[in-house]
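Here is a short tour to read alongside the coordinates. Please keep the viewer open while we go from the chain as a whole to single residues.

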Amino acid sequence: MATILPGNTLPVEGSFEPADWRASLRAAYRSSTDLCDFLGVDPKVACPQAESDFPILAPREFVQRMEPGNPRDPLLLQVVSQSAELVDSGELDPVGELPAERHKGLLQKYDHRVLLILSGACAIHCRYCFRRNFPYDEAAKGRAEWQEWLELLRCDSTIEEVVFSGGDPLSVGDDRLSWFIQQVAEISHIRRLRFHTRLPVVIPSRVTSEFTKLLESVEQAVYVVLHINHAQELDESVWAAIRRLHRAGTQVLNQAVLLRGINDNFEALRELCVQLADRQVLPYYLHQLDPVRGGMHFGVPDVEAIELVAALRADLPGYAVPRLVRELRGEASKTLIR
Ligand SMILES: *Cc1c(COP(=O)(O)O)cnc(C)c1O
Ligand code: SF4
């Protein structure tokens with residue numbers, strides 16, 4: 001389970017102040033060799049060749065929850081490169097995001113909800129990510145694009161909900177984020193705001209008081225959808241961040257991805273769901289892997305996935321069982337698998 005190692009040495013120069021999330025990002029591991037060295041794992045598990053397109057990125061807060069000396073650690077396997085990534089199968093845009101673009105960085109696949117790519121950056125690089133080949137650089141970044149989005153949102157009164165996504169929307173600093181969220185919140189037909197973020201898990205100090213004050217200040221209902229795949233990702237600092245989100249009046253949900261070798265067994269999934277339910281975080285979705293090039297080795301067949309979720313359903317209260325879904329191009333919603 002989660003272990004704090006004594007005597008860490010920093011892989012980068014400069015000071016490291018854990019309360020400062022930007023410093024945490026700067027101090028993150030960006031090399032499999034450094035990461036394996038730190039954990040006492042043979043660096044041969046990694047595949048540097050697979051990192052040229054999609055570099056590794058793992059903040060120290062997350063790495064400290066990994067088990068030293070374990071090359072099969074479920075957190076390590078989410079971030080370390082592997083030779084299986086070099087296989088040619090899979091798609092570059094597996095869920096059809098590019099055709100869903102209504103405007104640069106603004107996606108609409110489903111009625112009444114739009115998704116904004118607020119930032120191309122993430123605080124962690126998950127090797128199975130469906131956006132690992134997404135042309136992030138072309139995603140909107142500055143105020144000029146944000147103004148164009150606002151215009152579109154104001155003009156389309158069928159939009160009821162705005163999903164702030166990325167990358168990770170919380171990789172945008174509080175100043176810029178506050179400005180933009182307040183602008184969105186002033187649009188009267190927008191009823192709900194939603195954040196899809198992994199940052200409260202990866203660097204819990206990112207849930208700053210500026211951010212929670214912002215959430216408290218808006219009139220809309222606010223949903224925060226976290227991304228946690230394994231109970232070992234949870235520690236006291238993550239729970240504290242979740243408590244801050246709860247105190248700000250938000251509804252906190254979780255989505256996970258079913259991942260071969262990481263959480264593809266009943267015990268791991270049950271433990272995750274139970275721990276979340278105990279702290280009033282609802283397991284929302286369990287995603288079947290998107291067939292993304294470089295991530296195919298994480299896939300679990302549907303028959304197995306359906307059995308796992310059926311076993312959870314027989315064992316847990318209904319609200320603690322996630323919906324098993326897949327994202328299919330051109331469908332009116334995520335597709336329920338059963
Ligand atoms: C998943 C997703 C949403 C949100 O879907 P819900 O089923 O409401 O959670 C919205 N827009 C896009 C583009 C999505 O991929
Ligand atoms: S945090 Fe989300 S968007 Fe970022 S790499 Fe991981 S899965 Fe992909």
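## Terms and conventions

Buried means under 20% relative accessible area, exposed means over 50%, and partly exposed is in between, with a 1.4 Å probe and protein chains only. This is a predicted model: local features need pLDDT of at least 70, side-chain atom pairs count only at pLDDT 80 or more, and totals for chains, interfaces and linings use all residues. Residues are numbered from 1 along each chain as its sequence is written, chains are lettered from A and ligands numbered from 1 in the order in which they are written, and side-chain values use heavy atoms, with hydrogens and water left out.

## Confidence

Let us begin with pLDDT, the predictor's confidence in each residue, from 0 to 100. The protein chain has an average of 92, and 92% of the residues reach at least 70. Residues 1-18 are a stretch to treat separately: pLDDT stays under 50 there, and the model has 32 contacts (heavy atoms within 4.5 Å) for them beyond four places in sequence.

The chain divides into domain 1 (21-86) and domain 2 (98-336), with bounds that come from an automatic or database domain assignment. Taken over C-alpha atoms, the domain centres are 23 Å apart. Across the boundary, 27 residues of domain 1 are in contact with 33 residues of domain 2.

In soluble globular proteins, nonpolar side chains tend to be buried together. A nonpolar core is here a set of buried Ala, Val, Leu, Ile, Met, Phe, Trp, Tyr and Cys residues joined through side-chain atoms within 4.5 Å. The largest one has 91 residues, and the members that touch the most others are Leu35, Met66, Val162, Phe164, Phe180 and Val184. Helix α6 (residues 174-185) gives this core its largest share, six residues; helices (H or I, at least four residues) and strands (E, at least two) are DSSP runs, numbered from the N terminus. Domain 1 and domain 2 each contribute at least three residues to the core. For a look at the packing, select Phe180: leaving out residues up to four places away in sequence, Phe180 touches Leu116, Leu118, Trp146, Trp149, Leu150 and Phe164.

Rolling a probe the size of a water molecule over the atoms shows where empty space is left. On a 1 Å grid over the protein atoms alone, a cavity is a set of points where a 1.4 Å probe fits but cannot get out, while a pocket is an open set with protein on both sides within 12 Å along at least five of seven lines; lining residues have an atom within 4 Å of a point. Grid points are joined across faces, edges and corners, and a volume is the space filled by probe spheres set on the points.

The largest pocket holds about 940 Å³ of space. Its lining has 45 residues, of which Phe130, Arg131, Ser165, His196 and Gln255 are the closest to the centre. Among the elements that give two or more residues to this lining are β3 (113-119), β4 (161-166) and β5 (192-196), while β2 gives the most, with four residues.

Is Ser165 buried or exposed? Ser165 counts as buried because its relative accessibility is 4%. Ser165 lies in strand β4 and, not counting residues up to four places away in sequence, touches Leu115, Leu116, Ile117, Leu118, Ser119, Arg131 and His196.

## Enclosed space

The structure has two cavities of 30 Å³ or more, and the largest cavity has a volume of about 70 Å³. Of its 13 lining residues, Ala256, Leu272, Cys273, Pro283 and Pro322 are the closest to the centre. At least two residues of that lining come from each of β7, α10 (266-278) and β8.

Several backbone details sit in loops. A cis peptide bond, with omega about 15°, joins Gly166 and Gly167, and Gly167 is in the loop between β4 and α6.

His112, in the loop between β2 and β3, has a positive phi of about 70° although it is not a glycine. With 36% relative accessibility, His112 counts as partly exposed. Gln280, in the loop between α10 and β8, is also not a glycine and has a positive phi of about 60°. Gln280 is exposed, because its relative accessible area is 60%.
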